[in-house]
Amino acid sequence: MLEAKKIIHIYLDESGDLGFHPNSSNHIVIALLITKTPLKVERCIKKIRQRKLKKKLKELPEIKFNKSNDYIREKTLICITKEPIEIAYIVLDKDRVSPSRQNHKQKFYNFITSHLMCGLPYENTTKLKLIVDKRISNKVVRTDFDRYVREKTGFKVDISHEKSEYNKCLQATDFIAGAIFRKHESGDCRFYDLIEDRIKISEHLLR
């Protein structure tokens with residue numbers, strides 16, 4: 001795994017949803033992009049925007065896996081995996097979740113995230129930064145998430161919640177989460193195969 005000397009940046013995003021309705025996804029994936037050199041990942045996303053997107057698409061605030069065509073998905077994932085990154089993820093089969101947990105979606109999300117983070121070998125790391133896609137608008141809920149992750153992992157980690165449109169590394173993580181989700185949700189491994197060599201931790205809950 002990565003050496004624990006410099007600041008390790010961990011970017012978190014998910015694909016799928018935590019709903020339990022007929023139209024909800026069958027899985028939810030939480031993915032981590034781990035790197036000591038976020039600027040290299042940022043340059044990768046910037047290069048894709050400048051060189052691969054059509055003029056009209058360049059005006060969008062961010063690029064996203066679900067809104068891109070297969071060509072952009074492939075080029076983006078190939079570019080990302082050429083950089084010094086590692087990937088960790090956890091996938092949940094939602095149809096195996098008990099009804100009691102279905103009624104506490106945020107607490108279950110906190111549990112899944114912490115479970116994944118606990119598998120990271122960073123106990124003696126001097127500096128960890130976790131950057132989470134700002135899906136939680138409620139400040140109290142965000143604070144509870146931060147507290148839960150720190151308590152369960154035992155890591156001394158700085159946590160920030162940022163909008164992905166302003167953070168290119170979160171955009172890169174969106175593509176990674178999308179590739180993993182596509183494999184588990186529909187059996188399409190085309191994009192997963194592009195990132196497989198960078199995956200260091202993968203876990204399947206309630207399979």
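1. A quick definition before we start: a contact here means heavy atoms within 4.5 Å. With that in hand, look at R182, which touches F65, R73, G187, D188, R190 and F191, leaving aside residues up to four places away in sequence. Keep in mind that this is a predicted model.

2. Staying with R182: you'll find this residue in helix α7, which covers residues 168-186. One of its contact partners, D188, also makes a polar contact with R182, side chain to side chain, at 3.2 Å.

3. Now the overall fold. The protein has eight helices and six strands. Reading from the N terminus, the order is β-β-α-α-α-β-α-α-β-α-β-α-α-β. The radius of gyration comes out at 16 Å, close to the 17 Å that the globule rule gives for 207 residues, so the protein is as compact as a globular protein of that length.

4. On to packing. Of the 207 residues, 50% count as buried. Take the contacts with a separation of 6 or more: 79% of them are between residues 24 or more positions apart.

5. What does the surface look like? The protein exposes about 11,000 Å², and carbon and sulfur atoms supply 46% of that area. As for charge, there are 42 positive and 28 negative ones, and their mean positions sit 5 Å apart.

6. Is K6 buried or exposed? Its relative accessibility is 57%, and because the cut-off for exposed is over 50%, K6 counts as exposed.

7. K6 still has partners from elsewhere in the chain: K36, T125 and K127, again not counting residues up to four places away in sequence. K127 is worth a look in your viewer. K6 and K127 are 121 residues apart in sequence, yet their C-alpha atoms are 7.0 Å apart in space.

8. Last one, T37. You'll see T37 in the loop between β2 (27-35) and α1 (38-51). At 27% relative accessibility T37 counts as partly exposed, because that value falls between the 20% and 50% cut-offs.

Methods:
Residues are numbered from 1 along each chain as its sequence is written. This is a predicted model: local features need pLDDT of at least 70, side-chain atom pairs count only at pLDDT 80 or more; totals for chains, interfaces and linings use all residues. Side-chain values use heavy atoms; hydrogens and water are left out. Buried means under 20% relative accessible area, exposed over 50%, partly exposed in between (1.4 Å probe, protein chains only). Helices (H or I, at least four residues) and strands (E, at least two) are DSSP runs, numbered from the N terminus. The radius of gyration is taken over C-alpha atoms; the globule rule is 2.2 Å times the number of residues to the power 0.38. Accessible areas come from the Shrake-Rupley method with a 1.4 Å probe; for residues, only the protein chains shown count as cover. Lys and Arg count as positive and Asp and Glu as negative; His and the chain ends are not counted. The place of a charge is taken as NZ of Lys, CZ of Arg, CG of Asp or CD of Glu. A polar contact is a pair of N or O atoms within 3.5 Å; within protein, one must be able to donate a hydrogen and the other to accept it, and residues adjacent in sequence count only if both atoms are side-chain atoms.
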